[in-house]
Amino acid sequence: MDIFFQQITNGLLLGSIYALVALGYTMVYGILGLINFAHGDIVMVGALVALSVMMALGASLPGVAVLLIAAGAAMVVCVVLGLFVERAAYRPLRRAPRLAPLITAIGVSILIQYSAALIWGKQYISMPELVKPAKIVIGGVQITSTQAFIFVLALSIMAALLWFVKTSRMGRAMRATEQNPDVAGLMGVDTTRVIAFTFALGAAIGAIAGVMVVLYYGQGHYFMGFMLGLKAFTAAVLGGIGNIPGAMLGGMLLGLIESLAAGYIGDITGGLFGSNYRDVFAFLVLVLVLMLRPSGLMGVRSGDRA
Amino acid sequence: MLEVKGLRVAYGGITAVKGIDLIVRAGELVTLIGANGAGKTTTLKALSGLLRPAAGSVHYNGQDITGKPAFELVRLGIALAPEGRGVFPRLTVEENLEMGAYVREGKGNHRDHGSKTAIAADCERAYTTFPRLAERRKQLAGTLSGGEQQMLAISRALMCQPKLLLLDEPSMGLAPIVVQTIFATIRAVAREGVTLLLIEQNARLALQTCDRGYVMESGTITLSGEAKALLNDEQVRHAYLGE
């Protein structure tokens, strides 16, 4: 039974990171109807920027301070990158047929990946040890203090985002723009700015998720955004793309499914498949959702669109 | 207050408005009537900044506002209650009203008319005018009936405290009793000093309500004058009043 609870814990932890990345996909989709395939790569840039800062600062400062500076730098770079991508690649295509921005998004994704390969190289970059995480054992389940920190921070960011979208003026403008951009304009909302803000917000959250991935796996790589992005996209679809709480739920569920499947697939198949098949499950989920419930668990019924 | 000269608007390759002149003076209640497809809605979309005119000019209080986007025009005091409801379906009634006050909450406006209490007071006013909305304030606007959505659309347009209110077909698809309420509200708004430009297919009701009228036919204005005179005009009676 211990392994069961251990896998649940791992799943929730991984799921909270998926959820943060999925938010970037879902917010942009909600407001523009665009799947920003470059989002996973923006997360990757956040991770690599953070790694560079960590290595540059090394042991010159206390570990926690280095971590904060690294995360701050990642956020700044990702927000600038996100705004630039929106301005340069997507805004000129706002009135174009839907296929054009979609293909552009794939192009931007490849462009960011190979720019990153030029800057950081193609090898894995390992994280220097900044803080020695303490091991925490609760009822047979083992986690590190870093992992606990990641989980609590991810949940706090999600709660803050929900609160922001629900109550703030900008949050209301985001929802209004999502539901009817023309009428939002009639209310005085500068929808171009709201869209740019949405990209920036998604990128900032993505940057934090990137740093979390580095903390979790202890390394980064120019191609890491690809698989992470696809899984987060799956999570967003699972929850209902365009739906913010849906992305959170979808991320958590996907993390759980993946962890449990990876933990038990060896036993179930008599050792034929190992936990290295874990990636298969995310896409199995994607296929099933698209077949059985394309609007996702919390998806918007398209009927009430005016 | 509003001066339109030679306005042309092309819409998906078709020129829907073919050079019209139109004047609305401060405090007036003006209507633009005409059949379906005459170009009324296109005109209003161009005046409110949703469509860019292909030619012509629009002046508002002497300022050239031709081609300005909608979100800037609201700041100048021009509001549009769009045709076919146009409420935000997945915001509550209350949130829809708050969206109407969006420009008031802007920077430096947090006192006086932009404060939370002033906005809440205006919401209450809307609820007093339309008690149906008060009953449904926490309900998603998409679940309202057509009449309720129209009440909400008009109330919401008033939330920005416009100087010029553009109304697109406020009676469309509504039961006669609801139309009565809506037009009573329009008259009340006009009495408060808001200038109105109203588009209607119900020509009789529009001309009875307004001071002046324009008649639009396939993209051009064919007649204009005092509303009373138009009501008695042979051509108008025949074409639009069914007599």
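Two strands count as paired if DSSP finds at least two bridges between them. Helices (H or I, at least four residues) and strands (E, at least two) are DSSP runs, numbered from the N terminus.

## About the model

This is a predicted model: local features need pLDDT of at least 70, side-chain atom pairs count only at pLDDT 80 or more, and totals for chains, interfaces and linings use all residues. Residues are numbered from 1 along each chain as its sequence is written, while chains are lettered from A and ligands numbered from 1 in the order in which they are written.

## The sheet in chain B

Chain B has an open sheet of four strands, in the order β2-β1-β4-β5, with antiparallel pairing. Its edges are β2 (14–24) and β5 (63–64); each has a single partner strand, so one side of each has no neighbour in the sheet.

Inside the sheet, β1 (residues 2–11) of chain B pairs with β4 (residues 55–60) of chain B over five bridges, in the antiparallel sense. Look for Val4(B), whose bridge partner in β4(B) is Val58(B).

## Helix α11 in chain A

Over in chain A, helix α11 covers residues 278–292. Ala282(A), Val285(A) and Val289(A) are buried there (20 or more other C-beta atoms within 10 Å of a residue's own; exposed is 12 or fewer, partly exposed in between, with C-beta atoms placed from the backbone). Down the axis of α11(A), the buried residues fall within an arc of 60 degrees (taken from the directions from helix axis to C-beta atoms), so they line one face.

The face turned away from that buried side carries exposed Phe283(A), Val287(A), Leu288(A) and Met291(A).

Note on methods. Expected span 1.5 Å × (residues − 1).
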